[in-house]
Amino acid sequence: MNPADFLAPFQMGFLFIVVVVVLALLATEAVSIELTSLTTIALLVLFFHFFPVVGPDGNDRLDLRQLFSGFANPALIAVLALLVLGEGLTRTGVLDLAANAVIHWTKSNPFFAVTLMLLVVMAFSAVLNNIPVVVLFIPIMQSLTKRFRQSPSRYMMLLSYASVLGGMTTLIGSSTNLLVSLELDDLGEEAFGFFDFTVPGLMMATCGLVYLLLVAPRLLPDRPAEQGGHEEQGRHFVAQVSVTEGSRLVGLTPVGGIFPALPDITILMIQRGERAVLPPFEDVVLEVNDLVVIAATRSALSALGQGEPELLHPELVAGAYDLQTAADTSGEERKAPWLAGGQVQAEVMVRPDSQIVGHTLEEVGFRYKHHCIVLGIERRSRMLRERITRIPLKDGDVLLIQGRPEDVDRLRGERSVVLMEWSRQPLVTPQHQRSAAIIFLGVIAASASGLLPIALAAFCGATAMIATRILSLGDALRVLDRKIVLTIAMALALGAAMQATGGAQFLADSMMAALSGATPAQILSAFFLLLALLSNLLSTKATAVLFTPIAVDLAYALNLPVEPFAVAVIFASNCSFASPIGYQTNLVVMTPGNYRFMDFVRVGLPLILLVWIAFSLFAPWYYDLPSQ
C-alpha cells in the first residue's frame, strides 16, 4: 500500500478531530478564546511539520509560512486598522453627531431608531466593505443604547448580521461575491453583473431584517458592556464652571429656579465677585466671569465640556511652576492641559492615610505635582456647596481628573490616591472632528472605488489618525484586540488545512452521494444548507472558492443553468451567522456586545434556517427550475 494512501485519511481525520474539539471549547468556554486559538495553531504547526501535505509539485502545502500567514493576512490588517479608524471617530465626537441625528429623526423611539440604523447599515454594506460599515456604526449603536437605557448586547450583533444581509444584494457588497464571480470567469462561465442577484438578495435581506427586529433582540442576552460593569450609576461630582467671554453659558436665565438649558446638571451656587448666589435662582442671568458650582454625573460633565473644554477648568493659582514650564516648553506641551491632544479622564480615591487629607487642591498643588487637573469631587456624606479648589479633602473622596495617559498611569504608584483602573476613558476632542471625518471618508472612497485595496487604505488611514495626533500611538495600540487577532489567525489556519488535506472536498462529495435521485430544487436546497453550515467553520472566502467549481459541475450534471447554483454559493457562503469565527464582523461586535460563542449559535442558527427556507422557496420559482 502506498504510504500516501494512508497518510491522507490520517491527516484528514486528525483535522476533523481538531475542528470538533475547537468548536466544543469555544461553545463551552472551558478555555479562553485566546488560549484556544494559540493552542490550535500550535497543534496544526506541529502535526503538519511531522506529517506534511505534499502537493503534486513536491512542495509542502501546509508549511510554517502557510499556517502562520493569518497573522499577516490583509483581512486581519484591515480589521485592526479599521478599529483604529473607528476609535478616532469616537474620540472626536463625529459619531455622537450621527447618533443625535438618528435620535432626532426617529423622535427618540428606540424601535424606529434601531430600524433606521439597520436599514442604513444594509444600504451601506450593499456598496461598501462590511467591516468598515460595522466599525462605523458600533459606537453609534453604543450611544443609542445608552441614551435609551438598553443593554448593548441586545442590539450589537444585529449590526453584523445586517451588514452581511445587505452585502448579499450587489456584486461588490462582499468580497465573497467578487470571488465567486471571478471564479466563474476562470471556469469559462459568464461572470455576474452588478445587479444580477439583487432581487433574490433583497428578498432574503427583507426576511432577515424582520427577524432581526422582532425575534433576535428577544434571544440575545441582557448583559452589561464588558467595560461598563464597574461604573456606578448616579454618582454626582461637584465641579466648577467658569463663564468666559463668548461662552454659550453667557446670558442663560433660570425658569422656575432652574436652568433648563443645562439638563442633568444641578447648579449649587453662583459665585459673582465676592457675592455667592444660592438657590432658588430668581432673575439671575449668567454673566462673564461668573463661577458656577454644579453637581452632575460624569457623562453630563463630559457633554458640558464638549466644544468648550475650558468651561471645566478649575480655578487654580498660577505659580512659578507654570511660568517656568511655559518658558521651557513649546508646541503641544505649551498648550493648556485641556487643549493638549490624547487626553483621558479617570477617577482616583483619596487614601485614608493620605497626606493630602485636610488640605485643599490649592494647598496640595495637585495639578503641578501630577500634571493632571481635577474636574470634580464626589463625597458620599453630603452635597458640597463650595469651589472645589477650596474644599478640604477627606479620605474616601473621589476626584475626577484629566491628563495625558502617561501622567494618569503614573498615579498607580502614588501613595496619596488610588487610581480606579476601570474609570479610565478617552477625552472627546471635537477640534479634530473635520480631520477624522476626512480621513475616514477618504479610506471609504479609496476602497469603494477600487483605487486601493481595503487593507492598504485602512492602514494608511490609521497611520494618518496617528500622524495628525487625533490618536496617540499608545491609544491606537490599546484599541487592537488580541482576541480578534488570534481568532482570525486560527480560523485562516483551519481553513487552509481543510482545503489542503481535502477535508472540505470530502464533505462535499459525501453530500453529493447522499442526494442522488433528488429533484433539482431539493439538490439546490441541500447544497445551500451544506454551504451555509460550512461557512461557520471555514472562512466565507474559502467556502466560496472551494464550492464554486462544484456548483458548476453540479449544474452540468443536472443539465441546468449555472446561475442559480452559483448564486447559492454566494448567499450560503455569506451565511456565517452562527459562529464568531465565520466572518470578521462577528468578531468585531463580540467585545463591545460582550458576547459568548453560544450567543451566536442561539441567534444565528435560526437566521440561517430562515434564509435557507426563503431561498429554497424563492429560488426554484425565480430561476424556473423543473420540479422533477
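**Note on helix packing and cores in a predicted model**

1. The axes of helix 9 (residues 175-186) and helix 24 come within 9 Å, crossing at roughly 155°. That makes helix 9 roughly antiparallel to helix 24, because angles over 145 degrees count as roughly antiparallel. The crossing of this pair is right-handed. Bear in mind that the model is predicted.

2. Which residues make the contact between helix 9 and helix 24? Helix 9 supplies Thr 176, Asn 177, Val 180 and Leu 184. On helix 24 they meet Ala 566, Val 569, Ile 570 and Ser 573.

3. Helix 24 has another partner. Helix 22 (residues 520-534) packs with helix 24 at an angle of about 30°, and their axes are 8 Å apart. Angles under 35 degrees count as roughly parallel, so helix 22 and helix 24 are roughly parallel to each other. This crossing, too, is right-handed: helix 22 with helix 24, and likewise helix 9 with helix 24.

4. The contact between helix 22 and helix 24 can be listed by residue. From helix 22 come Leu 524, Phe 527, Phe 528, Leu 531 and Ala 532. They meet Pro 564, Phe 565, Ala 568, Val 569, Phe 571, Ala 572 and Ser 573 of helix 24.

5. How much of helix 24 is buried? Helix 24 spans residues 563-573 and is mostly covered, with 10 of its 11 residues buried. The buried residues are Pro 564, Phe 565, Ala 566, Val 567, Ala 568, Val 569, Ile 570, Phe 571, Ala 572 and Ser 573.

6. Turn to the cores. The largest nonpolar core has 114 residues. Leu 212 and Phe 577 have the most contacts inside it. Helix 7 (residues 130-147) gives this core its largest share, 10 residues. A second, separate core has 26 residues, among them Val 243, Leu 286, Ala 300 and Met 420.

7. What does Phe 577 touch, leaving aside neighbours within four places in sequence? Its contacts are Tyr 161, Val 164, Leu 165, Met 168, Asn 536, Asn 586, Phe 600, Gly 604, Leu 607, Ile 608 and Val 611.

8. Thr 145 lies in helix 7. Thr 145 is buried because its relative accessible area is 3%, under the 20% cut-off. Neighbours within four places in sequence left aside, Thr 145 is in contact with Gln 150, Ser 151, Pro 152 and Tyr 155.

9. Ala 81 sits in helix 4 (residues 74-92). Is Ala 81 buried or exposed? Ala 81 has a relative accessible area of 6%, so it is buried. Not counting residues up to four places away in sequence, Ala 81 touches Ala 458, Phe 459 and Ala 462. The C-alpha atoms of Ala 81 and Ile 454 are separated by 9.8 Å, though these two residues are 373 residues apart along the chain.

10. Last, the strands. Strand 5 (residues 344-350) is mostly covered: six of its seven residues are buried. Strand 5 and strand 7 (residues 398-403) run antiparallel and are joined by six bridges. In this pairing, Glu 347 stands opposite Leu 400 of strand 7.

Conventions: Residues are numbered from 1 along each chain as its sequence is written. This is a predicted model: local features need pLDDT of at least 70, side-chain atom pairs count only at pLDDT 80 or more; totals for chains, interfaces and linings use all residues. Side-chain values use heavy atoms; hydrogens and water are left out. A nonpolar core is a set of buried Ala, Val, Leu, Ile, Met, Phe, Trp, Tyr and Cys residues joined through side-chain atoms within 4.5 Å. Buried means under 20% relative accessible area, exposed over 50%, partly exposed in between (1.4 Å probe, protein chains only). Helices (H or I, at least four residues) and strands (E, at least two) are DSSP runs, numbered from the N terminus. Contact means heavy atoms within 4.5 Å. Two strands pair if DSSP finds at least two bridges between them. Axes are lines fitted to C-alpha atoms, for helices over the stretch in contact, and angles run from 0 to 180 degrees between N-to-C directions. Angles under 35 degrees count as roughly parallel, over 145 as roughly antiparallel, 65 to 115 as roughly perpendicular and the rest as oblique. A crossing is left-handed if the near helix is turned anticlockwise from the far one by less than a right angle, and right-handed if clockwise.
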